[in-house]
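Here is a short note for a reader who is new to this kind of file. Please keep the structure open while going through the points.

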Amino acid sequence: MSGIVVSRGAPNRRLRVHSTVVRAAVIVSTGGPEVIEIRDVPAPVPAAGELLVRVAASALNRADLLQRAGRYPAPPGVAGNIPGIEFAGEVVDAGSAVDRARIGQRVFGIVGGAAHAEFLVAHERAVAAIPESLSWVQAGATPEAFITAHDAMCIQAALRPGDRVLIHAAGSGVGLAAVQLARAFGAVPYGTARTAEKLERAMLLGLENGIAVGEDLSPIPAAVEDWTNGRGVDVVLDLAGGPYVAASLEALAPRGRMMLVGTIAGRRSELDLGRMLAKRLRVAGTVLRSRPIEERIAVTLAFAAEVVPLLESGAVSPVIDSVHDLGGIGDAHRRLESNATFGKVVLRVSDDATPA
Ligand SMILES: NC(=O)c1ccc[n+]([C@@H]2O[C@H](COP(=O)([O-])OP(=O)(O)OC[C@H]3O[C@@H](n4cnc5c(N)ncnc54)[C@H](OP(=O)(O)O)[C@@H]3O)[C@@H](O)[C@H]2O)c1
């Protein structure tokens, strides 16, 4: 049971919070999913400009798996032993300089870590209001996938209506958010995956066409040529990295833009730099977790302005692979690690977050 007691003080709905300890997923040593234990930890305390959020739902990310394995430490200032980089929950208290009318709001967002816990603190401007149409579980499945896809593809790669975009690992959480956002922005999404069934399911969500690949990636440029009548794609959203980067350079149209978002397929690639010059390509990498707070506020504001209305109208929706209770976090890690997922692995942190 949580050591924070939240009580609603009628009639102004203010909440009183008495902090002691809260339940959290704790990485007790480096290793497999068994090194995560549910333990009581000191309750977080909101500093000036911060909100205290009672987490209803969160979701898993590759960053959590890497952190557990000791290969992706939390950024400075963030608890290094509690994973979790996204959340949906209710504001229950706030530090100084925060409008107390925020208390009681349903908010979601990304944090540097420690989201797999009953309570967390977040900067008051680095959260967005959750539309009423989203359940807690849906809201918990949303921030990392949609903010990453929106920031990389729509903002940094400046996706325009009519653009053709190739998404590698299209059946991933970020990939499925990108497929839907591409459609909502008037672009045409194509995809790759190693599992044909994921591409078939992604086509129901708006993917125009896709190719299932194995070790040999040479069919990718040929497929893109076929799909685009020889023109190539305007944008690549590369969630895989490694040898996919070289295939992407071949698939891009002249003056194409490539965003490297993930390196799940490897950190090295042999590139034909001459192709990059001749096509006048722009290639950039991106990461969210370690960005300074001002930049995380900016991406959250852009998400709130451009993506939340699409979530509200149902034009885009989070795709949920499975839902696990906080106590079942080991199974959630195993599920994500299996590579069998289609969409997000959600963590139900409070009893309010019944599956949608
Ligand atoms: N830069 C950032 O800020 C940021 C933020 C979020 C995520 N990411 C990265 O973006 C990528 C997608 O994240 P996600 O959370 O959406 O992933 P996810 O839901 O866990 O899905 C990843 C999928 O990638 C495919 N995959 C696994 N290993 C692969 C390999 N060696 N080669 C090719 N495909 C492989 C698997 O599907 P199939 O094998 O069935 O195709 C797997 O289901 C990850 O690399 C993640 O680290 C980066």
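1. How many residues surround the ligand, and which are the closest? The shell has 24 residues, and the closest are Arg62, Val174, Arg194, Thr195 and Lys198. A residue is near a molecule if one of its heavy atoms lies within 4 Å of it.

2. This is a predicted model, in which local features need pLDDT of at least 70, side-chain atom pairs count only at pLDDT 80 or more, and totals for chains, interfaces and linings use all residues. Residues are numbered from 1 along each chain as its sequence is written, and side-chain values use heavy atoms, with hydrogens and water left out.

3. For arginine 194, an N or O atom of the side chain is 2.6 Å from a ligand oxygen. Arginine 62 places a polar side-chain atom 2.8 Å from an oxygen of the ligand, and for serine 172 the distance is 3.4 Å. Taken alone, the ligand exposes 920 Å², of which the protein buries 89%; these areas come from the Shrake-Rupley method with a 1.4 Å probe.

4. Two elements give two or more residues to the shell around the ligand: α3 (143-156) and α4 (173-184). Helices (H or I, at least four residues) and strands (E, at least two) are DSSP runs, numbered from the N terminus. By class, the shell has eleven nonpolar, nine polar and four charged residues; Gly counts as polar here.

5. Why does the ligand lie between two domains? Domain 1 (5-142 + 289-348) and domain 2 (145-285) both give residues to its shell, so the ligand lies between them. The domain bounds come from an automatic or database assignment.

6. One cavity of 30 Å³ or more is found. On a 1 Å grid over the protein atoms alone, a cavity is a set of points where a 1.4 Å probe fits but cannot get out, while a pocket is an open set with protein on both sides within 12 Å along at least five of seven lines; lining residues have an atom within 4 Å of a point. The largest cavity has a volume of about 40 Å³, the space filled by probe spheres set on the points. Its lining includes Ala141, Phe146 and Lys344, and α4 gives the largest share, four residues. Both domain 1 and domain 2 contribute to this lining, so the largest cavity lies between them.

7. The second largest pocket holds about 540 Å³ of space. Its lining has 30 residues, with Gly77, Val78, Val111, Gly113 and Val121 nearest the centre. β8 supplies the largest share, five residues. By class, this lining has 21 nonpolar, five polar and four charged residues.

How values were computed: A polar contact is a pair of N or O atoms within 3.5 Å; within protein, one must be able to donate a hydrogen and the other to accept it, and residues adjacent in sequence count only if both atoms are side-chain atoms.
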